[in-house]
Structure formats: structure tokens, C-alpha cells
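Colleague: I am new to this one and would like to learn how to read it. Could we go through it together, feature by feature?

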Amino acid sequence: MSDIRYDRLYDDYVIIAPERLHRPDCAHETISNASTQSRICPFCEGNERMTPPEIFALRDRNGPNTPGWRTRVVPNLYKAVRIEAPWQSHGHGPYDLWEGFGAHEVIIDTPRHLQRVDAWELQEYRDWLVTFRSRLMDLRKDLRLVYFSLFKNHGPSAGATQTHPHSQLIALPVIPKSLLARIERARHYRKIHGHSLFQGVLDYEMEFRERLVAENDSFAAFCPYASAYAFEVRILAKEQRVVSLSDLNDPGIEALAQILQTTIRALYRELGDFDFNLTFDTPPMQKNVSTEEWFEEIPRFWRLGLRIIPRLYNWGGFEMESDMRINPVPPEEAAFLLRG
Ligand SMILES: [Zn+2]
């Protein structure tokens, strides 16, 4: 059983999850000891019985838990949190904890075991985004789940312990401090300037273009002005009403799939098969005591964004202690290379 503990001094939540210790580590499996399908991989097509029953799948044929799928979603076997846990918090002296309540799902991106992300066709990006969108729309019906983290870890330096291409979704009853602080800053900027911070950033990047990587009618991809990581890329929705993946209609999904494919291919061209984290900026999804003051205002100050963070360098003590990163590659130079 896990629990979500609150650190009062650092104002941070920590998930204590002993089950995560038992994850098999097969991230170092390479092309030499695995083929396109692996007999021991629970995420490969044909091995559906090795996972818990599926929650969702995009299928060309057959019924649940059989081959014939394009993407498949299953509960994480090594959960950080579980939906069956009681939705309860307790105080212990100076400490607070939430029972380990939440959802932790694995999105199996493709049936193919060693599919490189830069080889994904447009349809695969579309399927992947549609899968995330439908899980987000389904889970947000549970009013206890407020915070949604959608992410992909690729490679051991990014924290992946499984070679087969997959992503994850964690939904929690509490909002992390870092997201609350971002919301506070975005609201403050909107109040002072009369337009959203995201629009301010987009307007500037589109005008000067030195950090721009790619764009289409609905999205722009650029290396952030203060990139914390070498070759970091942010993708932002151009339309103000699009604040999370669940606001995207099918043409919006198509546009995001297209810019994501262009950006990932550009990164692979410059960096080879690199380890990375990909995250979605998703605002809190429920109105409750901690969000009611600004919940209705979210579409005015927030915007759907994706962050691709190459993990080329490790952190040291300075980064851990100060929460400041040292990035040796100026974002202007990274964008110049990525534009090809
Ligand atoms: Zn596999």
C-alpha cells in the first residue's frame, strides 16, 4: 500500500510506494537480444494475458485482451497510487497523509516492441493522442481526482524501466505545489498585462522566430527562452480556449500529431536515439476548495502545452539543492539546428 505524505517545510507531496521497488528493469534490453516482438514482454501483441485486463484500446479487430489493437491501456502493475484506496486524509502530530488514492495507468503506445518514436507514422501519433484524450475525459468524471499527470519516459536516463514504448497517466486527489505556483504566476501576469502569459510568449516567439522550431495553424514548437535542459522543446496551443488535451477536437489532434512528429524527427536527426521525458501541461480538472477561487478563469490564463525534455546530462548537488539547472546549449543554437 502506498500513501501520499505532505512535507510541511518544503510544502511538497511525496508518494511513498514500496510496490515500485518490484518493477522489473529491462530498460537496457537492446536490438541484439530482442526482436520486434518479445515473448517475455507483457506489452507485446500476443501477450495480453500478462497484463491486468485492459481499460481501453484502439482496435482494428477482435475483442478486449486479444491481439488486433493499435494502442492499449492497462492499470500499472507497480502502482504509485490505487483507485481502490480510501479517499481519506489523516493527521499524525505535525504530519498529514492521504491514503494512496488515485489512478495509475500505462498506455502501451504501439504493439511493436522496438518501435523508435522517430519512425512513428502520423496515424500512430494521432492514436497515441486520442488514447490520452479519452483516458483524461473518462477519469475526470471521478470528482475526487483533481490533478492529472500525462507523461512518457523514454530510455533509462529518463526513468523508463521497460523497453516497449509506453506512456503513463497518474491522477491524484491533491495538486502539487509546482503546478499551483505556475497557476498563481499565470493569473498574476494576466491581471497585470490583460492577456495570458502563454499568448505573450507565443507572440514574442512568432515575431522574432530565433527559437522557433516548427509551427502550423494550431500549434507552435520552440526552444524556451530559459531552457532548463539542452534541446528542450515546448509546444503551445495557439487557440486560447484549448487548455488541456480534452479540449482538442479531431482536427486539433491532427495538428498536434503533425507538429509532434516534425519536432521528434528533428530531435532524433540532431541527437540520435536519445532519452527524454515528454509531459503535458494539464490544469486541475475539478472545482473544489483548493481551486474554486480561479477554476472558472482557467481558460483565460492557461493553455495546453507539451514539454519535451532531452535527458542528455545528469544533475548534481547544485541542481538538487538550488532547483536551478545549468544548460550548456543556448536555446537559440538548439532551435537553429532543429530547424535543419
Ligand atoms: Zn514488447
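Colleague: Which residues does Phe231 touch, not counting residues up to four places away in sequence?

Modeller: A contact here means heavy atoms within 4.5 Å. By that rule, and leaving out residues up to four places away in sequence, Phe231 touches Leu267, Glu270, Leu271, Ile308, Pro310, Leu312, Val329, Ala334, Leu337 and Leu338. Do keep in mind that this is a predicted model, where local features need pLDDT of at least 70 and side-chain atom pairs count only at pLDDT 80 or more, while totals for chains, interfaces and linings use all residues. Residues are numbered from 1 along each chain as its sequence is written, and side-chain values use heavy atoms, with hydrogens and water left out.

Colleague: Is Phe231 buried or exposed?

Modeller: Buried means under 20% relative accessible area, exposed over 50%, and partly exposed in between, using a 1.4 Å probe and protein chains only. Phe231 has 9% relative accessibility, so it counts as buried. It sits in the loop between S11 and S12. Its C-alpha is 7.6 Å from that of Ala335, although the two are 104 residues apart in sequence.

Colleague: How are helices and strands picked out, and how many does the protein chain have?

Modeller: They are DSSP runs numbered from the N terminus: helices are H or I with at least four residues, strands are E with at least two. The protein chain has seven helices and 14 strands.

Colleague: What span should helix H3 have?

Modeller: The expected span is 1.5 Å times one less than the number of residues. The twelve residues of H3 (197–208) should therefore span 16 Å, and the end C-alpha atoms are 17 Å apart, which agrees. For helix H1, the 18 residues 122–139 should span 26 Å, and the ends are 26 Å apart, again in agreement.

Colleague: Which residues of H3 are buried?

Modeller: An α-helix has 3.6 residues a turn, so residues three or four places apart point the same way. In H3 the buried residues are Phe198, Gly200, Leu202 and Glu205. Their cover includes helix H2 (177–193), strands S10 (212–215), S11 (219–222) and S12 (233–237), and helix H5 (298–301). In H1, the buried residues include Trp128, Leu129, Phe132 and Leu136.

Colleague: Which residue follows H3, and what is its phi?

Modeller: Most residues other than glycine have a negative phi. Arg209 follows H3 with a positive phi, near 65 degrees. Asp11 also has a positive phi, near 55 degrees, and lies in the loop between strand S1 (3–7) and strand S2 (12–16). With a relative accessible area of 36%, Asp11 is partly exposed. Asn62, with a positive phi of about 70 degrees, is in the loop between strand S3 (56–59) and strand S4 (69–75). Its relative accessibility is 48%, so Asn62 counts as partly exposed.
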